[in-house]
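Please look over the sequence and the model below before reading the notes.

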There are 2 protein chains.
Amino acid sequence: MSAFEELVRARRDVRHFLTDGLDEEEVDRLLALAHSAPSVGLSQPWRFVRIASAALRERLAAHVDDQVARAGEIYKGEEDRLYRSLKLHGLREAPVLFAVYCDEGTETGHRLGAITMPEARRYSCVMAIHTIWLAARTQGIGMGWVSILDPATVDTMLGVPENWRCLGLLCLGYPTSEEAAPELERRGWEHRIDWRSTVVSR
Amino acid sequence: MSAFEELVRARRDVRHFLTDGLDEEEVDRLLALAHSAPSVGLSQPWRFVRIASAALRERLAAHVDDQVARAGEIYKGEEDRLYRSLKLHGLREAPVLFAVYCDEGTETGHRLGAITMPEARRYSCVMAIHTIWLAARTQGIGMGWVSILDPATVDTMLGVPENWRCLGLLCLGYPTSEEAAPELERRGWEHRIDWRSTVVSR
């Protein structure tokens with residue numbers, strides 16, 4: 001298991017990107033591999049919206065900045081100062097940007113597994129995202145998943161079909177540095193807890 | 001990327017297990033690695049409930065059988081016949097069984113990223129599950145994620161805290177066979193679509 005363990009432990013949520021472009025064949029390879037992620041009933045409900053327009057990218061970045069500021073209203077004092085100093089996305093620098101959606105209306109998979117827990121389809125999309133995250137890391141490419149946003153606003157900006165559900169924005173590019181620990185831990189926001197504390201028996 | 005690509009493509013949703021036990025140190029190693037999955041705000045909200053009681057296992061299996069039958073009421077004719085012939089879980093055979101939960105009330109991570117899209121915490125748990133799935137596969141261990149269940153019923157059976165949200169049941173064990181294609185494709189339920197059909201540009 002060790003090469004995979006190393007990969008999992010080396011993966012970071014990246015917010016500091018070089019602006020150097022990515023090889024488009026590499027990007028295609030990441031998307032193709034994501035398509036081998038598990039999906040409930042083989043529904044393959046992930047949909048990727050590549051943000052090609054610079055104007056659209058800037059509107060998305062401005063929207064996220066606004067949402068980050070609003071979400072931060074719950075913090076006071078030292079926590080507020082620390083929150084404001086965190087860089088939470090690389091939407092303006094990352095050379096490749098995707099919005100990820102779940103097609104909640106897909107007939108692929110014939111609704112198997114989507115009746116009792118409809119969220120299972122969204123969970124399938126999460127595993128496609130995670131596949132890209134890990135695969136990118138094997139190539140030295142960093143990814144950041146941006147979820148501080150208002151899905152309805154982003155849906156309107158992107159003009160997606162009505163039954164698509166937004167999972168967030170993915171920033172991809174080469175990171176400015178390799179880090180051994182999560183940025184939120186290095187900055188003193190939160191630390192990693194003992195995994196044993198998350199397991200109980202019944 | 002190729003070793004990781006191979007791993008992703010070889011992973012299957014397993015429903016046919018040998019009853020041979022797993023090494024408990026191996027199981028701990030999987031859980032420990034899952035703890036390095038990405039989590040929003042470093043909230044680490046995954047909670048694993050190990051099903052140790054044989055009686056509880058049988059109650060869960062009977063519940064899922066019932067939910068599978070109910071969910072199948074939408075199918076007619078040939079589709080109904082095919083649905084009834086599918087084996088959708090290995091809850092009675094798999095030597096290791098977990099329920100996976102998201103602690104929606106955790107203060108770890110100080111709610112960063114959990115205000116605008118609270119589902120991001122559940123998505124973090126999905127990546128922990130996916131980490132176990134892939135790590136298990138590197139050791140020849142198969143996993144099946146069972147999500148055809150009623151979360152409220154399972155919560156009551158397991159007596160979990162009120163703000164824990166159920167993501168499903170994980171069956172782990174050695175598979176009876178290695179398969180190159182998804183079982184739902186081999187059985188003619190659904191086929192893999194072209195990944196390019198899932199990408200659009202804006």
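Predicted model: local features only at pLDDT ≥ 70, side-chain atom pairs only at ≥ 80, totals over all residues.

Chain A can be laid on chain B by a turn of 180 degrees with a shift of 0.0 Å along the axis, giving an RMSD of 0.0 Å. That is the relation of a two-fold axis, and the same surface serves both copies, since 100% of the contact residues of chain A recur in chain B.

**Nonpolar core**

- The largest nonpolar core holds 142 residues, and the members that touch the most others are A:Phe4, A:Trp145 and A:Leu158 together with B:Phe4, B:Trp145 and B:Leu158.
- Leaving aside residues up to four places away in sequence, B:Leu158 touches B:Val49, B:Ile51, B:Leu56, B:Leu60, B:Ala99 and B:Tyr101, and also A:Arg202 from the other chain.
- In soluble globular proteins, nonpolar side chains tend to be buried together.

**Helix α2 of chain B**

- The buried residues in α2(B) are B:Glu26, B:Val27, B:Leu30, B:Leu31, B:Ala32, B:Leu33 and B:Ala34.
- These buried residues pack against elements of both chains, namely α1 (2-10) and β5 (199-201) of chain A, and β1, β2 (96-103) and α5 (119-138) of chain B.
- The N-terminal end of α2(B) is capped by B:Asp23, which places a side-chain oxygen 2.8 Å from the backbone nitrogen of B:Glu25.

**The loop residue B:Ser39**

- B:Ser39 sits in the loop between α2 (24-34) and β1 (46-50) of chain B, and it counts as buried because its relative accessibility is 15%, where the cut-off for buried is under 20%.
- A polar atom of the B:Ser39 side chain lies 3.2 Å from the backbone nitrogen of B:Ser43.
- Not counting residues up to four places away in sequence, B:Ser39 touches B:Gln44, B:Pro45, B:Trp46 and B:Ser124.

**Helix α4 of chain A**

- Helix α4 (residues 77-85) of chain A has A:Asp80, A:Leu82 and A:Tyr83 as its buried residues, and because they cover an arc of only 165 degrees around the axis, they lie on the same side of α4(A).
- The cover over the buried residues of α4(A) includes α3 (54-71) of chain A, whereas the face turned away from the buried side carries the exposed residues A:Glu78, A:Arg81 and A:Arg84.

**Salt bridges**

- The count comes to 36 salt bridges over all chains.
- Within helix α3 of chain A, A:Arg70 and A:Asp66 are 4 residues apart, about one turn of the helix, and they form a salt bridge whose closest N and O atoms are 3.2 Å apart; A:Arg70 is exposed at 51% relative accessible area, while A:Asp66 is partly exposed at 34%.
- B:Arg92 and B:Glu58 meet in a salt bridge of 2.9 Å, N to O, and this pair links distant parts of the chain, with B:Arg92 in the loop between α4 (77-85) and β2 of chain B, and B:Glu58 in helix α3, 34 residues apart.
- B:Arg122 forms a salt bridge with B:Glu104, with the closest N and O atoms 2.7 Å apart; B:Arg122 lies in helix α5 of chain B and B:Glu104 in the loop between β2 and α5, so the pair ties together parts that are 18 residues apart in sequence.
- In that pair B:Arg122 counts as buried at 13% relative accessibility, whereas B:Glu104 is partly exposed at 22%.
- Salt bridges that share partners also join A:Glu5, A:Arg9 and B:Arg29 into one network.

Terms used: Residues numbered from 1 in each chain as written. Chains lettered and ligands numbered in written order. Heavy atoms only, no water. Core = buried A, V, L, I, M, F, W, Y, C linked by side-chain atoms within 4.5 Å. Buried < 20%, exposed > 50% of the residue type's maximum accessible area, 1.4 Å probe, protein only. Contact = heavy atoms within 4.5 Å. Helix = DSSP H or I, 4+ residues; strand = E, 2+ residues; numbered from the N terminus. Polar contact = N/O pair within 3.5 Å; in protein donor to acceptor, adjacent residues only side chain to side chain. Arc of directions from axis to C-beta. Least-squares fit on C-alpha atoms with pLDDT ≥ 70 in both. Salt bridge = Lys/Arg side-chain N within 4 Å of Asp/Glu carboxyl O.
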